[in-house]
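Here's a quick tour of a protein model. Have a look at it first, then we'll go through a few spots together.

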Amino acid sequence: MLTDLFKTMDQNQRLMMKTWQMWFSAATVVQLRVMQMTLGTMRPEEAARMVFEKPAAFATGAERAMRAMAGGKGYQAATLAALAPVSRRAGSNARRLTRSTRRP
């Protein structure tokens, strides 16, 4: 019983950290993309990426969450599974956009 409690606490802590990381990356991406739009420096590829990447990431996350729930892994595991593709995309966008703003 105590093992289950620690497992739940660990999953909750991981979920909070992953959510925080995703929100921080998403805020960075929004800030940099708005700056590009304002300055008129956004490439057409970036504008298309803004639109087309979200549905794919959300669909993948939904599928993974359903698989986790069907496998009896619980709500925290399902939420982490749903968050992973969106978080991964936001993080990679933040890294890519941050690098591109540092170039001369």
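Predicted model: local features only at pLDDT ≥ 70, side-chain atom pairs only at ≥ 80, totals over all residues.

**The aromatic pair**
- The partners are Trp-20 and Phe-24, and their ring centres sit 5.6 Å apart.
- Their ring planes are at 10 degrees, so the pair counts as stacked, because planes under 30 degrees apart get that label.
- Both Trp-20 and Phe-24 belong to helix α1, and they are 4 residues apart, which is about one turn of the helix.
- Trp-20 has 53% relative accessibility, so it counts as exposed, because the cut-off for exposed is over 50%.
- Phe-24 is exposed too, with a relative accessible area of 53%.

- Leu-2, Leu-5, Phe-6 and Met-9 make a nonpolar surface patch of about 420 Å².
- One of these, Leu-5, lies in helix α1, which covers residues 2-39.
- Leu-5 has 45% relative accessibility, so it counts as partly exposed.

**A buried glycine**
- Gly-91 is part of helix α3, which covers residues 75-102.
- Is Gly-91 buried or exposed? Gly-91 is buried, because its relative accessible area is 9% and buried means under 20%.
- Gly-91 and Ser-25 are 66 residues apart in sequence, yet their C-alpha atoms are 5.3 Å apart in space.

Notes:
Residues numbered from 1 in each chain as written. Heavy atoms only, no water. Patch = residues over 30% accessible without salt bridge, like charges linked within 9 Å, V, L, I, M, F, W, Y side chains within 5 Å. Areas by Shrake-Rupley, 256 points an atom, 1.4 Å probe, with all protein chains shown as cover. Salt bridge = Lys/Arg side-chain N within 4 Å of Asp/Glu carboxyl O. Helix = DSSP H or I, 4+ residues; strand = E, 2+ residues; numbered from the N terminus. Buried < 20%, exposed > 50% of the residue type's maximum accessible area, 1.4 Å probe, protein only. Phe/Tyr/Trp six-rings, centres within 6.5 Å; stacked < 30°, edge-to-face > 60°.
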